[in-house]
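Subject: Model for you to look at

Hi,

Here is the model I promised to pass on.

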Amino acid sequence: MDVSQYLEIFLDETKEHLQSLNTQILNLEQEPEDIDTINEIFRAAHSLKGMAGTMGYKRMQALTHEMESAFSEVRSGKIKINSDMIDLLFQSLDALEEYLDNIQRNADEGDNENKHLIKKLQDIVVNGLAEESAPKTTATAAKKKATPSSEGTEKWMEIPLGETEQRVLAIAQKQGKNIYGLTVSVQESCLLKAARAFLVFKAVEDLGEIIMSQPPTQDIEDEKFDLFFNLIVISEYPLDKVIAAAEGVSEIENVRGGILEIDDSGIENIDDVEMELMNSDSMMPMEQNTGKSGQSNTSQGEKKSSKPVVNRTVRVDIEKLDVLMNLVSELIIAKNSLVSASSSEETSARSGVNEQIEYLESVTTNLHESVMKVRMVPIESVVNKFPRMIRDLSKKLNKKMDLFMSGEETELDRTVVDEIGDPLMHLLRNAADHGLEETAARIRSGKPEAGSIFLDAFQDGNNVVIEVRDDGAGVDAEAVKQKAIERGVITAEQGDNMTEKDIIDLLFHAGFSTAEVVSDVSGRGVGLDVVKSKIEALSGEVEVKSKKGEGSTWTIRLPLTLAIIQALMVTVGGEKYAISLGSIQTIEDIKPGDIKYVQASEVINLRGIVIPIIRMSQILDTTSKKADDEDMVVVIVKKGDKMAGLIVDELMGQQEIVIKSLGKYISKCKFISGATILGDGEVALILDANALI
Amino acid sequence: MDELNLMNETTQFIVIQLGDEQYGVDIKYIDNIVRMQHITRVPKVPEYLKGVINLRGEVIPVMSIRVKMDLPVDEITKNTRIIILKLEVHGIIGIIVDQVKEVVTLENEQIEKVSYDGKEDKINYIFGIGKYDGGLISLLDLNAVIMEREV
């Protein structure tokens with residue numbers, strides 16, 4: 001079977017399952033007895049195994065199989081969870097992630113068999129069961145007894161029983177009928193396995209009723225089985241007769257069988273069971289078909305309360321969305337042409353056009369919003385992996401720490417969410433490694449022993465803010481300064497003139513790391529400048545605030561959307577430019593005489609704040625159309641705490657603009673972030689205020 | 001051009017006028033030819049990049065090959081056209097030409113490759129000379145023309 005077309009779905013779903021496993025195992029560490037959690041882990045492992053098997057990833061399947069087996073024992077209460085086991089489970093997850101990475105790169109799982117993990121998992125099962133003294137099977141409903149047999153071919157014992165089957169079998173048992181499990185082995189030389197299997201079915205059905213088979217009947221008919229298959233049969237005849245009938249078919253190697261006893265205590269209320277059945281079917285569609293050794297899922301009480309294993313997601317091809325996006329762009333362009341047409345017409349004809357424009361405007365705005373919403377995904381998918389990371393870091397660094405997250409549901413553009421993971425990870429690692437003090441130091445300074453790291457996300461106007469905060473020692477500005485001088489990033493004199501904030505900002509400088517010892521957690525000196533450049537590539541910004549002894553706060557500010565923005569149109573030297581409204585603070589009229597000089601650069605004093613001003617005509621290599629003694633229009637823009645005044649010739653008004661790339665051919669110009677097409681078809685450039693400050 | 005094989009020994013070129021000379025542009029690179037229109041200047045880019053235009057909703061950079069090839073600057077007339085090229089490496093880009101004259105079909109024998117040992121700068125932008133009824137045309141090596149000049 002060609003499965004390559006499912007590869008993408010497999011990757012996505014496997015990632016979801018792994019994430020769910022990570023989260024659940026973390027929960028389990030906190031509450032080792034929580035049966036809901038254990039069930040979910042079991043299900044996720046089971047689904048993973050099924051999917052890996054379907055896709056033909058044998059090693060992945062082998063590992064998940066062992067995890068599932070171990071959990072099956074945990075679920076039945078035979079093994080208790082301990083911290084060694086949690087560590088082992090996390091290691092296994094890492095190994096699975098490695099497989100997944102390999103698959104993603106070259107559609108092959110690689111050849112690391114992770115034998116040591118498999119061995120350890122098996123040991124857990126074996127040891128756990130050996131320690132088991134008193135039988136305390138609480139949830140298993142099917143006990144199977146085998147007829148004595150020298151060979152280990154009693155595969156029928158491993159058939160997972162669904163609840164329907166159990167119910168049927170329990171009823172049959174009550175009626176005094178015999179229930180047999182059969183393992184039929186076909187001769188290796190057999191050519192038409194499916195045909196032989198069919199004859200076996202027929203022979204057995206003469207004597208009784210086949211309740212279920214493994215693999216499922218359909219698979220057997222399609223010859224999708226190796227050299228044996230298993231049957232569960234209800235019959236009034238003795239076992240020997242049934243076996244003999246099956247063995248009567250030619251090219252059958254042998255048939256082994258035994259009596260199956262059904263514990264019907266768990267199936268008192270049949271109506272209830274039926275209800276459960278519907279729930280469980282929708283939740284675990286793979287349970288009945290793909291399981292080989294998984295124990296039947298009979299823990300009934302828990303199911304109602306447990307959540308579905310993964311979020312139901314709609315996968316939409318980004319390309320399709322982009323097409324939709326372009327359509328919206330054109331609609332907006334069309335609207336803009338209408339606007340410019342209406343302004344040139346006679347007043348009498350204008351009212352009708354205006355109405356149309358208003359309508360068009362509401363349509364485009366709505367369309368824009370809905371398309372944007374489709375592109376938005378919660379940052380949950382990214383931040384979910386952090387609790388696990390912090391736990392690992394806590395062990396590795398031997399510091400106690402807790403991660404508190406809020407606002408996981410905050411939504412961002414898909415492209416941004418995909419990119420934001422790495423920078424956030426860097427900041428969290430940084431907080432754990434450099435931010436939080438050693439436990440001993442914390443106790444000395446009277447702080448709680450366990451450090452706290454906070455990850456908060458929230459929407460703020462047209463931006464989404466993500467804050468990484470720790471209650472550690474804060475940034476030692478003096479140490480940073482010394483280091484910067486030592487590294488040649490700044491000179492000693494520069495250092496003396498810098499404010500504490502400027503010094504802390506040096507942390508973002510390339511090749512800078514304050515950790516005395518370079519650890520493999522952070523401190524390679526590539527972290528923070530990569531964080532900064534990555535976030536700036538997303539049109540966002542990152543800031544740090546720190547108070548010595550009280551901790552640091554890293555603030556990432558990202559735009560909600562990247563494609564359509566509200567902008568102020570201005571002219572400079574007869575050319576039109578757009579400035580994003582998001583970065584504009586105020587617009588001021590300034591007399592030429594109000595310009596002061598500080599260190600040979602021009603500034604204005606605006607209501608007590610000194611703001612440097614930038615003459616846009618100079619920056620843009622053009623000449624202002626205004627006389628020197630005229631009042632100047634100054635657009636005050638803001639980037640974080642910093643402000644600047646941009647002198648422009650004229651204001652044209654506010655407009656919704658579609659951002660178009662200038663293409664890679666013209667990418668050198670730093671302070672131009674793109675272009676847009678105006679109503680008259682002319683191209684206007686978009687000024688990047690952030691790059692100007 | 002390497003991709004010419006025995007089955008297809010002819011190549012079509014669009015003949016353009018730049019100053020007094022005629023140049024040929026391989027038709028397979030040409031996406032479109034549009035009239036001269038308003039070009040929005042982009043600051044802080046090399047002089048030969050005249051700016052960007054709007055081509056049916058897309059923003060496309062436009063360069064002057066006259067400036068790039070150290071010819072006198074463009075004089076915009078009613079014959080001036082922008083040829084929109086689609087190149088694998090550089091994407092879509094427009095070039096300004098004085099005039100688009102005709103389409104010629106040249107057989108392989110009619111193309112004479114030029115060697116690159118010439119001292120003149122602009123010879124590097126040409127991969128061959130085409131001979132046809134109307135005279136000689138210099139065949140532009142577009143990738144070399146479009147490529148950014150190393151400083």
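In chain A, β9(A) and strand β10 (residues 463-470) pair in the antiparallel sense, with 8 bridges between them. Two strands count as paired if DSSP finds at least two bridges between them. The names come from DSSP runs numbered from the N terminus: helices are H or I runs of at least four residues, strands are E runs of at least two. At one of these bridges, Asp460(A) has Asn463(A) in β10(A) as its partner. β9(A), which covers residues 451-460, is also joined by 6 bridges to strand β7 (residues 401-406) of chain A, and these two run parallel. Across that pairing, Phe404(A) stands opposite Phe454(A) in β9(A).

Before you go further: this is a predicted model, in which local features need pLDDT of at least 70 and side-chain atom pairs count only at pLDDT 80 or more, while totals for chains, interfaces and linings use all residues. Residues are numbered from 1 along each chain as its sequence is written, and chains are lettered from A and ligands numbered from 1 in the order in which they are written.

Next, some helices of chain A. Two packed helices are described by the angle between their axes and the distance between the axes. Here axes are lines fitted to C-alpha atoms, for helices over the stretch in contact, and angles run from 0 to 180 degrees between N-to-C directions. Helix α2 (residues 35-55) and α3(A) cross at roughly 155°, and their axes come within 8 Å. The crossing of α2(A) and α3(A) is left-handed, meaning that the near helix is turned anticlockwise from the far one by less than a right angle (clockwise would be right-handed).

Contact here means C-beta atoms, placed from the backbone, within 7 Å of each other. The α2(A) side of this contact includes Ile38(A), Phe42(A) and Leu48(A), and the α3(A) side includes Met60(A), Met67(A) and Phe71(A). By class, the residues of the contact are 10 nonpolar, 7 polar and 3 charged. Nonpolar covers Ala, Val, Leu, Ile, Met, Phe, Trp, Tyr, Cys and Pro; charged covers Asp, Glu, Lys and Arg; the others, Gly among them, are polar.

Helix α3 (residues 58-75) also packs against helix α4 (residues 83-106) of chain A, at an angle of about 160° and with the axes 10 Å apart. α3(A) and α4(A) are therefore roughly antiparallel as well, and their crossing is left-handed. Among the residues that meet are Leu63(A) in α3(A) and Tyr99(A) in α4(A). This contact divides into 7 nonpolar, 2 polar and 1 charged residues.

Further along chain A there is an open sheet of 5 strands with mixed pairing, in the order β21-β13-β14-β23-β22. β21 (650-658) and β22 stand at the edges with a single partner strand each, so one side of each has no neighbour in the sheet. Neighbouring strands are turned by 35° against each other on average, direction ignored. Strand β13 (residues 564-572) and β21(A) pair in the antiparallel sense over 8 bridges, with Ala567(A) opposite Gln655(A) in β21(A).

Leu678(A) lies in the loop between β22 and β23 of chain A. Is Leu678(A) buried or exposed? Leu678(A) counts as buried because 21 C-beta neighbours lie inside 10 Å; the cut-off is 20 or more other C-beta atoms (backbone-placed) within 10 Å, with exposed at 12 or fewer and partly exposed in between. Leaving aside neighbours within four places in sequence, Leu678(A) is in contact with Asn336(A), Lys576(A) and Ala684(A).

On to chain B: 22 residues of chain A are in contact with 17 residues of chain B. The elements giving two or more residues to the chain A side are α12 (318-344), β22 (672-677) and β23 (683-687). That side has 12 nonpolar, 3 polar and 7 charged residues.

Chain B itself has 2 helices and 11 strands, and buried residues make up 32% of its 151 residues.

Cheers

Methods
Contact = placed C-beta atoms within 7 Å. Parallel < 35°, antiparallel > 145°, perpendicular 65-115°, else oblique.
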